[in-house]
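Here is a short report on one strand, its partners and the pocket beside them. Please read it with the model open.

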Amino acid sequence: YESTGRLYHGDITPISEYGGIFSTGDIIGCLWSKKSGAISFTKNGINLGPAFHNAPGRYYPAVWIKNDRYKVSINFGQEPFVFNFS
């Protein structure tokens with residue numbers, strides 16, 4: 001899920017529009033259901049719906065930053081989450 005609102009899957013070509021643009025101050029979350037294999041993203045606490053279905057396997061977090069002006073903070077639970085989903 002890129003800041004322009006496009007969704008990518010292992011390629012440099014976007015596969016679809018998804019979730020709208022995001023910018024400074026927006027909080028983006030990623031949800032993965034081990035049981036169903038669904039991957040979804042959230043923007044400021046709103047679930048944007050499934051981005052991918054049937055995505056079993058191992059996942060490793062990654063963030064791509066286009067230039068050094070951007071700043072990213074990542075929370076894997078070491079601090080309370082701003083938004084909670086069950």
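## Cys30 and its contacts

Cys30 touches Ile39, Ser40 and Phe41, leaving aside residues up to four places away in sequence. Contact here means heavy atoms within 4.5 Å. Cys30 sits in strand 3. Strands (E, at least two residues) and helices (H or I, at least four) are DSSP runs, numbered from the N terminus. Cys30 counts as exposed, because its relative accessibility is 52% and the cut-off for exposed is over 50% relative accessible area; buried means under 20%, and partly exposed lies in between (1.4 Å probe, protein chains only). Cys30 and Asn47 are 17 residues apart in sequence, yet their C-alpha atoms are 9.2 Å apart in space.

## Basis of the values

This is a predicted model: local features need pLDDT of at least 70, side-chain atom pairs count only at pLDDT 80 or more, and totals for chains, interfaces and linings use all residues. Residues are numbered from 1 along each chain as its sequence is written, and side-chain values use heavy atoms, with hydrogens and water left out.

## Strand 4 and its cover

How many residues of strand 4 are buried? The count is 5 of its 5 residues. In a regular strand the side chains alternate between the two faces of the sheet. On one side of strand 4 are Ile39, Phe41 and Lys43; on the other are Ser40 and Thr42; all are buried, and both faces are covered.

Thr42 lies in strand 4. Thr42 counts as buried because its relative accessibility is 4%. From Thr42 to Gly19 the C-alpha distance is 8.3 Å, with a separation of 23 residues in sequence.

## Ser40

Ser40 belongs to strand 4, which spans residues 39-43. Its relative accessible area is 9%, so Ser40 is buried. Ser40 touches Tyr18, Gly29, Cys30, Leu31, Asn47, Gly49, Pro50 and Ala51, again not counting residues up to four places away in sequence.

A polar atom of the Ser40 side chain lies 3.4 Å from the backbone oxygen of Gly49. A polar contact is a pair of N or O atoms within 3.5 Å; within protein, one must be able to donate a hydrogen and the other to accept it, and residues adjacent in sequence count only if both atoms are side-chain atoms.

## Ile39

Ile39 is also placed in strand 4. Ile39 is buried, because its relative accessible area is 11%. The contacts of Ile39, not counting residues up to four places away in sequence, include Trp32, Ala55 and Tyr59. Phe52 in strand 5 is the bridge partner of Ile39. The two residues are 13 apart in sequence, and 5.1 Å apart in space, C-alpha to C-alpha.

## Strand pairing

Two strands pair if DSSP finds at least two bridges between them. Strand 3 and strand 4 run antiparallel and are joined by 5 bridges. One of the pairs sets Ile28 against Lys43 in strand 4. The hairpin of strand 3 and strand 4 has 6 residues between the strands, and Gly37 takes a positive phi near 80° there.

Strand 4 also runs antiparallel to strand 5 (residues 46-52), with 4 bridges joining them. Ser40 stands opposite Pro50 in strand 5. This hairpin has 2 residues between its strands. Asn44 is in the loop between strand 4 and strand 5. Most residues other than glycine have a negative phi. Phi of Asn44 is positive, near 50°. Asn44 is partly exposed, because its relative accessible area is 31%.

## The largest pocket

Rolling a probe the size of a water molecule over the atoms shows where empty space is left. On a 1 Å grid over the protein atoms alone, a pocket is an open set of points where a 1.4 Å probe fits, with protein on both sides within 12 Å along at least five of seven lines; lining residues have an atom within 4 Å of a point. The largest pocket has a volume of about 2,400 Å³. Of its 46 lining residues, Ile28, Gly29, Cys30, Ala62 and Val63 are the closest to its centre.

Which strand gives the most to the lining of the largest pocket? Strand 3 does, with 5 residues. Strand 3 (28-32) and strand 4 each supply at least two residues of this lining. By class, the lining has 28 nonpolar, 13 polar and 5 charged residues. Ala, Val, Leu, Ile, Met, Phe, Trp, Tyr, Cys and Pro count as nonpolar, Asp, Glu, Lys and Arg as charged, and the others, Gly among them, as polar.

Terms used
Grid points are joined across faces, edges and corners, and a volume is the space filled by probe spheres set on the points.
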